[in-house]
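Me: I have a structure to look at and some quick things to ask. Can we go through it together?
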Amino acid sequence: MAPLIEVKHLKKYFDVPGGKNHAVDDVTFTIEHGQTLGVVGESGCGKSTLGRTAIRLQEPTDGQVFLNGQDISHVSGRALRKAREKMQIVFQDPYSSLNPRMSITSTLVEPLKRNGRFHSKKELNDEVERLMDLVGIDERFRHAYPHELDGGRRQRVGIARALALNPEFIMCDEPVSALDVSIQAQVLNLLMDLQEQLGIAYMFVTHDLSVVKHISDHIMVMYLGQAVEKSETKELFRNTLHPYTKVLLSAIPSTDIDHPMERLRLKGEITSAINPEPGCRFKARCPYATEKCGQPQQLEEVLPNHFVSCCRVRELNNL
């Protein structure tokens with residue numbers, strides 16, 4: 001069986017003063033049915049742009065995106081609308097992503113009407129009730145507006161809207177970063193329950209490694225538009241190989257006062273993503289950089305199903 005989502009050498013460049021911003025530069029990955037790929041990295045690394053380009057909210061500069069084995073990179077019209085029924089998005093800000101002039105009912109009815117799957121008012125009302133119950137929104141909020149809801153309920157509305165057309169894949173663009181910690185846990189558990197119940201696959205974009213560890217089957221680490229490490233979640237945390245990933249893991253707060261994790265600190269300037277030079281983009285901040293790091297780097301399998309883009313990875317980790 002083909003992967004649900006297969007992305008090959010995806011690129012997304014933006015024209016800016018001085019050249020082209022390589023927001024996403026030659027990224028390849030797959031997502032299987034019912035699984036979650038966590039995409040992590042610091043702000044500006046291109047993870048949100050990657051997700052939006054993969055679901056065709058933004059047009060790719062180059063590369064291919066396959067949905068159930070079908071190339072959707074350049075489809076348009078009816079074919080694109082059909083593909084988008086299978087791919088949805090949950091946005092980062094649960095307030096700005098909702099129309100303040102539309103009630104919960106109106107928000108959920110809109111995609112159902114546009115799709116044409118339901119016709120009578122009773123069918124629409126029944127489906128709205130089902131979606132609200134699915135995400136845990138009480139019936140009394142049916143006619144409420146976004147400003148009358150707290151952040152957690154707003155995000156549940158966003159999730160319900162994403163589920164309206166029974167998608168197979170949802171791109172979650174930092175869906176809990178704007179929520180309180182206690183509400184974050186509720187929304188994460190909801191997403192995991194929905195995945196188990198409906199068999200949905202996620203691409204979960206976040207900068208919080210403790211969150212992505214909880215929800216993901218696989219993790220891909222990005223730095224300045226490129227994937228630098230990719231593996232199963234347990235393997236990544238047990239056997240971290242890329243210097244940048246090690247820095248990210250060291251930043252996770254620890255409650256173990258007897259065995260505190262050593263905090264790794266980076267020095268140097270961040271390389272510009274505008275017309276970047278060939279070679280490792282992390283080399284300006286990497287304490288292990290040498291002259292050969294100026295050569296183009298390739299994501300290669302250094303351990304079974306563990307891919308790293310670093311010419312010194314075997315030397316540094318005694319592989």
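Reply: Start with a term: buried means under 20% relative accessible area, exposed over 50%, partly exposed in between (1.4 Å probe, protein chains only). Helices (H or I, at least four residues) and strands (E, at least two) are DSSP runs, numbered from the N terminus. This is a predicted model: local features need pLDDT of at least 70, side-chain atom pairs count only at pLDDT 80 or more, and totals for chains, interfaces and linings use all residues. Residues are numbered from 1 along each chain as its sequence is written, and side-chain values use heavy atoms, without hydrogens and water.

Me: Which residues of H3 are buried?
Reply: Ile104, Thr105, Thr107, Leu108, Val109, Pro111 and Leu112.

Me: And what covers them?
Reply: The cover includes helix H4 (121-135) and helix H5 (151-163).

Me: New topic. What is the volume of the largest pocket?
Reply: About 790 Å³. A pocket is an open set of points on a 1 Å grid over the protein atoms alone, where a 1.4 Å probe fits, with protein on both sides within 12 Å along at least five of seven lines. Lining residues have an atom within 4 Å of a point. A volume is the space filled by probe spheres set on the points, which are joined across faces, edges and corners.

Me: How many residues line the largest pocket?
Reply: 23. Nearest its centre lie Arg84, Gln88, Pro111, Arg114 and Leu165. Helix H2 (77-86), strand E6 (87-90) and helix H3 (104-115) each give two or more lining residues.

Terms used
Contact = heavy atoms within 4.5 Å.
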